[in-house]
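Please look over the sequence and the structure shown here before reading on. The briefing below is meant to be read alongside them.

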Amino acid sequence: MLNITIKQIDECPYNDVTKEAYWSICNLVEKSDTEVKIKLIREKDLVRLLVAMIREAQKETRIVEIVLVATEKLLVTAMQFEDNDNQHPLYKFQEEGGCDLLEDLQQTPNVSIFALSQRILKHHFPGGEENRKQYFINLI
């Protein structure tokens, strides 16, 4: 089922079925332990998928909110990865444009989305854009 759900998100237009796929993925992330989250990152490229979900659902407040909550829970696994790991969730999130999306979402009038975006950036990517760029240049 997981592969079908991911395929729906990757290949199908954004519609009601895709929204349900988003909910399913986000619930899986929220309810999984660290081991499962790491496996999802490594085997299913879940960080890329979450960034794509944020990008696609930007106009739908409730969907963006659940994806941000799942993203925050997934990024917590970063301490389980070596800095030079190409699947490192923080590096992958930055590489996929996730930080730029979070910065854009801070312009939204929705307080919850603003707070979640800001919290993820401050906790996982401290120091602003220039420090993030330098940190990831050093990883490479």
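What follows is a short account of helix packing and of a few individual residues.

The model is a predicted one, and every value below was computed from it. Two packed helices are described by the angle between their axes and the distance between the axes.

**Helices H5 and H8**

- Helix H5, which covers residues 61-75, and helix H8, which covers residues 111-124, have axes that come within 10 Å and cross at roughly 20°.
- Because angles under 35 degrees count as roughly parallel, H5 and H8 are described as roughly parallel to each other, and their crossing is left-handed.
- On the H5 side the contact is made by Thr61, Val64, Glu65, Leu68, Val69, Glu72 and Leu75, while H8 contributes Ser112, Ile113, Leu116, Ser117, Arg119, Ile120 and His124.
- Sorted by class, the residues in this contact of H5 with H8 are 7 nonpolar, 4 polar and 3 charged.

**Helices H4 and H7**

- The axes of helix H4 (residues 46-56) and helix H7 (residues 98-105) come within 10 Å, and the angle at which they cross is roughly 30°.
- That angle makes H4 roughly parallel to H7, and the crossing of H4 and H7 is left-handed.
- Val51, Ile54 and Arg55 of H4 make the contact together with Gly98, Leu101 and Leu105 of H7.
- The contact of H4 with H7 is made up of 4 nonpolar residues, 1 polar residue and 1 charged residue.

**Helices H1 and H2**

- The axes of H1 and H2 come within 9 Å and cross at roughly 130°, and H1 and H2 are therefore oblique to each other.
- In passing H2, H1 makes a left-handed crossing.
- The residues of H1 that take part are Leu2, Thr5, Ile6, Gln8 and Ile9, and they meet Val17, Thr18, Ala21, Tyr22, Ser24, Ile25 and Leu28 in H2.
- This contact of H1 with H2 divides into 8 nonpolar and 4 polar residues, with no charged residue.

**Residues within helices**

- When neighbours within four places in sequence are left aside, Thr71 is in contact with Leu50, Ile54 and Phe93.
- Arg55 lies in helix H4 and, with a relative accessibility of 42%, counts as partly exposed.
- Not counting residues up to four places away in sequence, Arg55 touches Glu96, Gly97 and Leu101.
- Arg55 and Asp104 are 49 residues apart in sequence, and their C-alpha atoms are 10 Å apart in space.

**Residues in loops**

- Asn15 is placed in the loop between helix H1 (2-11) and helix H2 (16-31), where it is partly exposed, with a relative accessible area of 29%.
- A polar atom of the Asn15 side chain lies 3.0 Å from the backbone nitrogen of Val17, and Val17 is also one of the H2 residues that meet H1.
- Asp45 is found in the loop between helix H3 (34-44) and H4, and at 21% relative accessibility it counts as partly exposed.
- The backbone of Asp45 has a positive phi of about 50°, although Asp45 is not a glycine.
- Glu82 sits in the loop between H5 and helix H6 (89-95), and at 58% relative accessibility Glu82 counts as exposed.
- The C-alpha atoms of Glu82 and His123 are separated by 18 Å, and the two residues are 41 residues apart along the chain.

Note on methods
Residues are numbered from 1 along each chain as its sequence is written. This is a predicted model: local features need pLDDT of at least 70, side-chain atom pairs count only at pLDDT 80 or more; totals for chains, interfaces and linings use all residues. Side-chain values use heavy atoms; hydrogens and water are left out. Axes are lines fitted to C-alpha atoms, for helices over the stretch in contact, and angles run from 0 to 180 degrees between N-to-C directions. Helices (H or I, at least four residues) and strands (E, at least two) are DSSP runs, numbered from the N terminus. Angles under 35 degrees count as roughly parallel, over 145 as roughly antiparallel, 65 to 115 as roughly perpendicular and the rest as oblique. A crossing is left-handed if the near helix is turned anticlockwise from the far one by less than a right angle, and right-handed if clockwise. Contact means heavy atoms within 4.5 Å. Ala, Val, Leu, Ile, Met, Phe, Trp, Tyr, Cys and Pro count as nonpolar, Asp, Glu, Lys and Arg as charged, and the others, Gly among them, as polar. Buried means under 20% relative accessible area, exposed over 50%, partly exposed in between (1.4 Å probe, protein chains only). A polar contact is a pair of N or O atoms within 3.5 Å; within protein, one must be able to donate a hydrogen and the other to accept it, and residues adjacent in sequence count only if both atoms are side-chain atoms.
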